[in-house]
Each structure stands twice: as C-alpha cells, then as structure tokens.
Amino acid sequence: MEWTLFIGFCFALLTIFILKSIRVYKTYEGKVYKYIYSGFLEYYIKFKYKKNLSESHWLNQEIGFHRILFNNYLNDKQESVYEIITIFHQKGITIFSILNNVGSINGNLKDKNWIIRHDNKNYRIKNPFLILNQHKNYISSQIENDQIIDAFVLISPQSSCTINSVISLDQIITTLKNGKHNLDENQIKDLYAIMINRG
C-alpha cells in the first residue's frame, strides 16, 4: 500500500511538471528565446524558478559577458504589441525589435507601414522601426551616449526581407559578434543597472 501511494504521488508530481513544462514551452518554441539560450532546460529554469532571464549560458559562450533586458510595449487593452530585447555586451548595446509576422516583407525604413505577403494575401503592419527608434532614443537619453547602440528588426527564418537592418532570428549571434564598439564588464553592468533602475 505504501509503495502504491508513493508511486501515485510521484506520478502526480511528474504530471504537474509535464503540464507546467508544456505551458512554458509554448512561450519558447518558435520565439527569440530559442536563439539566445542554450536550450529549453536553461530557459525553463530561468523563467520558472529564477525569474531572471538577464543572462544566457549560450550567449556567455559565444560573446562573453553580457546582460539581457526585455521590454514590451502594450496597447490600450494591455496586450503586447511590440517586443524589444536589448543586449548589453562587449561590443556595444544591441537592440532587437521582434516582428512575429511571417511572410515576404516589403517597405523601407521611412515608410509608415510595411506590407507582408503571406498565403497570397497582403497585410499592412506599422513599420517596427518607428517604435524601435523611439526605444533607441530613450536608451540613448538615459545613458547619455548614442554612439554605442545598434538597432535591428528580427524576423522569422521563414520570412524574407531585403530592408536594411532587418535580420533573421538565426543571425543574432553573428550580428552581436560583428558589433564595432568596446565595453568592459563594469561598463556593461553599469549601463544595464541604469536601464533596470529607470525601467
């Protein structure tokens, strides 16, 4: 009887863990997290238990010391409209605005709207660089330095786009490595702290 209760208890715990993992996995699969963390296990532990996604073991291996900051711009219904990731690293501050729409993307940096073609239909979206540049200007004003900041729009590897400064999710690491600025560990910590405290 005791073994039956013990096995039943373990099974219940395992079921709860699996259900929680499935919910968290939905926030991971196909998202930017897949490209900046070493795998789902690292993401799960940081997201569910540490409540801190500011560091990545994978990024630490690839680009060295860093800090990651996540921001969401909400609409009047408190729904996320724009997701922005800012990575403070040894080659500068890199801001990424995430464009989740999939398709062939057309427009230019100064257009108010872009057109996305998917499944033989055209969709009009607001140019993500408008909010990205606002965010970049805000960070510049807080750290009083706009010379160490680069900004890009991230798109799905399944999308196509020839607009300058639009890159695929699978190009994040290469883009970070190609940064042209120089920051040491203390500068990264200080700049990150400024933005955390102002947030």
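Visitor: Which residues does Ser140 touch, not counting residues up to four places away in sequence?
Guide: In this predicted model, Ser140 touches Asn145, Asp146 and Ile149, with residues up to four places away in sequence not counted.

Visitor: And where is the place of Ser140?
Guide: Ser140 is in helix α5, which covers residues 128–143.

Visitor: Does Ser140 count as buried or exposed?
Guide: Ser140 counts as buried, because its relative accessibility is 12%, and the cut-off for buried is under 20%.

Visitor: Turning to the largest nonpolar core, which residues touch the most other members?
Guide: They are Phe88, Ile93, Ile95, Trp114 and Ile143, in a core of 27 residues. The elements giving two or more residues to this core are β2, β3, β5, α5, β7 and α7.

Visitor: What does Ile95 touch, again not counting residues up to four places away in sequence?
Guide: Its contacts include Ile84, Ile85, Leu132, Ile139, Ile149 and Phe152, and also His135, Lys136 and Asp150. Apart from this core lies another, of 20 residues, among them Tyr37, Leu53, Ile68 and Ile87.

Visitor: How many cavities of 30 Å³ or more are there in the whole structure?
Guide: The search finds one. The largest cavity holds about 40 Å³ of space, and its lining consists of Lys31, Val32, Tyr33, Glu83, Ile98 and Asn100.

Visitor: Finally, which element has the lowest mean pLDDT?
Guide: Helix α1, residues 2–26, has the lowest, at 56, whereas helix α6, residues 172–177, has the highest, at 95. Where pLDDT is low, the predicted coordinates should not be read in detail. The mean for the protein is 82.

Terms used. Residues are numbered from 1 along each chain as its sequence is written. This is a predicted model: local features need pLDDT of at least 70, side-chain atom pairs count only at pLDDT 80 or more; totals for chains, interfaces and linings use all residues. Side-chain values use heavy atoms; hydrogens and water are left out. On a 1 Å grid over the protein atoms alone, a cavity is a set of points where a 1.4 Å probe fits but cannot get out, and a pocket is an open set with protein on both sides within 12 Å along at least five of seven lines; lining residues have an atom within 4 Å of a point. Grid points are joined across faces, edges and corners, and a volume is the space filled by probe spheres set on the points. pLDDT is the predictor's confidence in each residue, from 0 to 100. Helices (H or I, at least four residues) and strands (E, at least two) are DSSP runs, numbered from the N terminus. Buried means under 20% relative accessible area, exposed over 50%, partly exposed in between (1.4 Å probe, protein chains only). Contact means heavy atoms within 4.5 Å. A nonpolar core is a set of buried Ala, Val, Leu, Ile, Met, Phe, Trp, Tyr and Cys residues joined through side-chain atoms within 4.5 Å.
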